[in-house]
Amino acid sequence: MPTVTFSEEIALRSRRFSHLAVLRLLLGGAYLLVGASIDLDENVAPFATAGVFVLYGALLLAYRSRTQVRNLALAIQFVDLIFAVALVAVSAPSGVAFPLLFFYFLLIESVLLHGAREVLAVTTLSLFFYTAWITGGQTTFRFSYESFAFLVVVGAAMVYYCSDRIHRKQRRIASVLREAAGESEAEMVRAVEVALEQLAEWHNCSRVILAFWDKALEYDAVCQYPPTRPPTEDPPERFEAGREWACLRAERLDFYVNSVSMVGRDGKPTARDFDVHPYLIQKFEIYNALGCGLLDGEQTIGRLLLINSVSQVRRTDWKRLRDVAPYFREVVRHLLVVKNTEHEAYERERGRIAQDLHDGPLQSIISFEMRLEIIRKLLDRDVKTGTLDLESLQQFSRNLVAEMRTFVHRTRPLENTDASLVASARRLVEGFQRESGVSVTMAGGENGDFNLPGKLGAEIFQVLREALHNVYKHAEATHVVLSFEKRGGDLQIRVDDNGRGFFFGGSYSLEELDLLRIGPRSIKRRVRALGGDLTLESNPGHGSNMRVAIPLY
């Protein structure tokens, strides 16, 4: 099915408005001619009514090309209805023909320029007045019980149909967005695009934009329909982020306006009747717009923006937009919580890497620089001794390179986190032995099911990697024993080494380690995040033992 652009829809609506203006004038002129053939002394009311109608139709035909006039289409139809009722009330000069023609004209006008609600309203009122006129014997106009009952039944049906039609669309949008809450960002992108598409069809507008932001993170993103990507491409995995979308933030997010202009009466940019950035007005060629803010408590977290509705923008449209806004707000809230969590994890990881760089490679580089300075001065006095020190420094540089490789390997992103934990640990141990020269013995895990969920398995794998790295970096051990065991609902991990141990002696729980501010900080933080427990036993000069219990639920 070919896509109709907004400009084509506007042109079609303009042609329909012009055709109706011509038809209105012809209908009024025909009625006026019939009225002129009647003795005006006996019945002047139909002739006078038709004369006013012809003058009114001529004005609409003359100004049909003006946007301000076309934006009053609903008010014009109401005036047409008043004229039709007036013709019935004053009695038609030629029976029922002309009143029926006027009613048919109202129905055509409703279908071409408006929606089902206006069609039903016009049909109900037309039939009601026509029934009352017929009941009165076509000479007098009176309300009958039958006409009143008919109006109540049809009016109630009309109200039910219109309200149910609106609620069905709201329920469809709410259902799509509720199903996406709590899912991955890719799933939320797809759900929001579907919801925006339905919102665009509902309000018959050319574009819908959902913008959201977090000022603390300086994060701005949008999702829009129609999307900017080619139709053949798959939906993106993430929302479209960028500082350019900060232009969607504003002081007054709730508004509706039918005449958007970048320049005010004084020749300067204005936002008196609306709050849209000039960049957006140019980018999307905005003629009319609806805006609705998304609030999380007292904090604004987003904005829904409907651009270029083919029909005139009304307050009822803005109220409907506000009714569906909470469903989009929940998705945005969930996404921003995820973004904040990711940011906090990112900052923590940056801090950990910075600390590791400071305690490890950076200290070695500083030491390397100091020894270079000493050797430079020594070479001026004793070349032989300086040469021997250079050879020693060369070995030191080899150790520094090995340490840097270990650091890079430890900070490398995890791969295959959905595999068995024991299999991943074996690969880790093989690489550790190859790079450090420290032998490792693995025990247990042969008969246990250690296929853990991706996130849990990745975090436990990080604990193992941190533990082995600490053994290599600080313990000066020659052998490590790594064991796994499932006990009840917990995974028990034990790491023993024959190194020099920690500077403290004894056995300490996780709470005691935190209270005394001792022990490996990164491992403590990860174990605590997993809801686990840690016990660290140290015997200075004779190695250490670390026991970790992680609940598997």
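## Strands, a sheet and a helix in a predicted model

Trp-213 of this predicted model stands opposite Asp-220 in strand β2. Residues are numbered from 1 along each chain as its sequence is written. Because the model is predicted, local features need pLDDT of at least 70, side-chain atom pairs count only at pLDDT 80 or more, and totals for chains, interfaces and linings use all residues, while side-chain values use heavy atoms, without hydrogens and water.

Helices (H or I, at least four residues) and strands (E, at least two) are DSSP runs, numbered from the N terminus. Two strands pair if DSSP finds at least two bridges between them.

**Around β2**

Strand β1 (residues 205–214) pairs with β2 in the antiparallel sense over 7 bridges. The two form a hairpin with 4 residues between them, and Glu-218 in the turn has a positive phi of about 55°. Strand β2 is also joined by 2 bridges to strand β3 (residues 240–241), and these two run antiparallel. Here Ala-221 stands opposite Ala-241 in β3.

Buried means under 20% relative accessible area, exposed over 50%, and partly exposed in between (1.4 Å probe, protein chains only). In β2 (residues 219–225), 6 of the 7 residues are buried, so the strand is largely enclosed by the rest of the structure.

**Cysteines**

| Residue | Relative accessible area |
|---|---|
| Cys-205 | 13% |
| Cys-247 | 10% |

A disulfide is a pair of cysteine sulfur atoms within 2.5 Å. By this rule the model has 0 disulfides.

An open sheet of 6 strands has the order β7-β8-β9-β12-β11-β10, with mixed pairing. Its edge strands, β7 (439–443) and β10 (506–509), each pair on one side only. Direction ignored, neighbouring strands of this sheet are turned by 15° against each other on average. Within the sheet, β8 (residues 479–487) and β9 (residues 490–497) pair in the antiparallel sense over 8 bridges. Val-481 stands opposite Asp-496 in β9.

Helix α13 (residues 421–436) lies across β7, β8 and β9, running at about 165° to β7. Axes are lines fitted to C-alpha atoms, for helices over the stretch in contact (heavy atoms within 4.5 Å), and angles run from 0 to 180 degrees between N-to-C directions. The helix has 16 residues and reaches 22 Å from its first C-alpha to its last, close to the 22 Å expected at 1.5 Å a residue; the expected span is 1.5 Å times one less than the number of residues. Its buried residues include Leu-421, Ala-425, Leu-428 and Phe-432. Gly-437, with a positive phi near 80°, follows α13.
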